[in-house]
Amino acid sequence: MARVKGAAPIGFDEAVARLPGAEALLGTEIVPLDRAAGRVLAEPLYARRDSPHQPTAAMDGYAVRDATTAPDHPLRVIGESCAGLGFPGIVGAGEAVRIFTGAPMPAGTDRCIVQEHASREGGTVVFTAGYGPGWHVRTIASDFAAGALLLDRGTRLSPQAMVAAAATDVASVTVAVPPRVAILGTGDELAAPGTAANRSGVIPESVSFGVAAMVEEAGGVVVRRATGRDDLPALQHLAGSLLEAADLVIVTGGASVGDHDFARPMFAPHGLELLIDKVAIKPGKPVWLGRAGGRWVLGLPGNPTSALVTAALFLRPLLAALQGQHPRQRLRWRRLPLVTPLPVIGARETFVRAQWEEDGLVPLDSEHSAAQAALATTDWLIRRPAHSAAAAAGETVSALAF
């Protein structure tokens with residue numbers, strides 16, 4: 001892995017291409033299905049049997065033999081079929097079985113006539129004309145067949161995916177081991193929230209809280225959080241302990257070239273090798289990625305907006321790779337309309353913060369990299385290539401959920 005320190009900023013697409021791929025998976029483990037929500041599958045899930053494995057009613061009504069059923073012709077009701085407890089007999093001509101949604105169709109029947117077309121009197125039922133055209137029967141394997149791939153490896157088990165996983169009829173699943181993450185904020189000016197108001201020259205350390213939330217949302221586990229003063233020997237010692245504790249160390253701040261910017265030098269004794277030195281984007285040019293001590297190290301800018309934007313663009317894809325996904329699975333751009341116009345873009349590719357309203361995207365007024373209040377209402381990032389012309393209201397732009 002070649003060092004690239006001092007290289008010119010690279011473009012966003014090239015930077016993403018330098019992220020590790022699914023081969024960076026840290027490991028796997030087997031967990032019970034009821035503890036698998038939010039995890040990433042490390043092995044595919046195949047259906048163990050057809051679904052449904054027998055014809056079932058799609059509506060409440062009566063199961064009949066269609067060939068011997070006609071409107072206004074009474075049928076004898078000989079029983080009922082409920083979900084999980086079907087009718088045990090065979091239905092013949094002139095007979096019907098009361099049936100409920102999800103119940104197995106009795107032998108001898110091929111149609112479910114919905115109860116809205118039925119008139120029940122004692123032990124007989126009569127159907128009104130127009131009870132078709134639907135047959136209201138779910139045929140065998142109409143959902144999926146035995147052996148069908150329902151969820152592939154690399155799938156995050158969302159609430160929707162959990163339903164499909166349970167439908168395969170497995171009690172446990174093999175998932176990616178969650179990445180262990182340490183977060184370090186650097187700077188003499190940082191103070192713990194709740195302690196800064198009465199102290200001169202300090203600000204609440206806010207960035208790590210947003211980064212930690214993003215880590216958890218992306219499937220990682222925060223194992224350590226720390227704040228380091230601008231003392232290089234102390235930071236080098238702290239870097240060593242963080243590398244021992246985590247698979248990924250995230251450093252915020254200290255990424256510029258000032259006398260007190262130690263984000264990279266603190267990892268030098270641990271063999272830091274850079275994959276990404278800096279990226280020609282706005283905000284977030286100082287973002288960097290490397291390896292040290294056999295671990296991943298991601299450097300984010302210290303300004304809150306820059307940190308959260310670059311975390312969305314690089315941290316989420318990196319965590320995806322460490323869980324066996326392709327990093328671009330977390331970079332799914334959509335074409336969405338603008339409600340208000342966008343100005344001309346300068347020499348760096350720009351990611352404009354925006355919020356979604358009923359008619360489309362509304363770019364936020366505050367684009368300062370240190371802005372914090374606007375982050376609370378930002379839910380989309382608009383991608384604007386370098387030297388883009390102004391975009392008018394109504395035009396579609398490329399956007400990423402933030």
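## Charges over rings

A charge counts as sitting over a ring if NZ of Lys or CZ of Arg is within 6 Å of the ring centre and within 35 degrees of the ring normal. R291 meets this with W296, over whose face it lies at 4.4 Å from the ring centre. R383 lies over the face of W333, at 5.5 Å from the ring centre.

## Basis of the values

The model is predicted: local features need pLDDT of at least 70, side-chain atom pairs count only at pLDDT 80 or more, and totals for chains, interfaces and linings use all residues. Residues are numbered from 1 along each chain as its sequence is written, and side-chain values use heavy atoms, with hydrogens and water left out.

## Aromatic cluster

Rings of Phe, Tyr and Trp (for Trp, the six-membered ring) pair if their centres lie within 6.5 Å; planes under 30 degrees apart count as stacked, over 60 as edge-to-face, and the rest as tilted. The structure holds seven aromatic pairs. One of them is F12 with F314, edge-to-face at 5.7 Å centre to centre and 70 degrees between the planes. This pair links distant parts of the chain, with F12 in helix α1 (residues 12-17) and F314 in helix α5 (residues 304-322), 302 residues apart. Helices (H or I, at least four residues) and strands (E, at least two) are DSSP runs, numbered from the N terminus.

F12 is buried, at a relative accessible area of 1%, and F314 is buried at 2%. The ring centres of F12 and W333 are 6.4 Å apart with planes at 90 degrees, so this pair is edge-to-face as well. W333 lies in the loop between α5 and β22 (334-337) and F12 in helix α1, so the pair ties together parts that are 321 residues apart in sequence. W333 is partly exposed, with a relative accessible area of 24%. The cut-offs are under 20% for buried, over 50% for exposed and in between for partly exposed (1.4 Å probe, protein chains only). F12, F314, W333 and F351 form one aromatic cluster.

## Open sheet and hairpin

Six strands form an open sheet of mixed pairing, in the order β7-β4-β6-β5-β9-β8. β7 (111-114) and β8 (118-121) stand at the edges with a single partner strand each, so one side of each is left without a neighbour in the sheet. From one strand to the next the twist averages 40 degrees (axes are lines fitted to C-alpha atoms, for helices over the stretch in contact, and angles run from 0 to 180 degrees between N-to-C directions). Two strands pair if DSSP finds at least two bridges between them. Within the sheet, β5 (residues 75-81) and β9 (residues 124-127) pair in the antiparallel sense over two bridges, and L75 stands opposite V125 in β9.

Strands β23 (residues 349-357) and β24 (residues 360-363) are antiparallel and share four bridges. A hairpin joins them through two residues. The bridge partner of A354 in β24 is P363.

## Helix α2

Helix α2 (residues 159-167) has A161, M162 and A165 as its buried residues. Seen down the axis, they fall within an arc of 105 degrees, so they line one face of the helix; the arc is that of the directions from the helix axis to the C-beta atoms. On the other side of α2, P159, Q160 and V163 are exposed.

The cover over the buried residues of α2 includes β2 (45-46) and β11 (149-151), where contact means heavy atoms within 4.5 Å. D169 follows α2 and has a positive phi, near 70 degrees.
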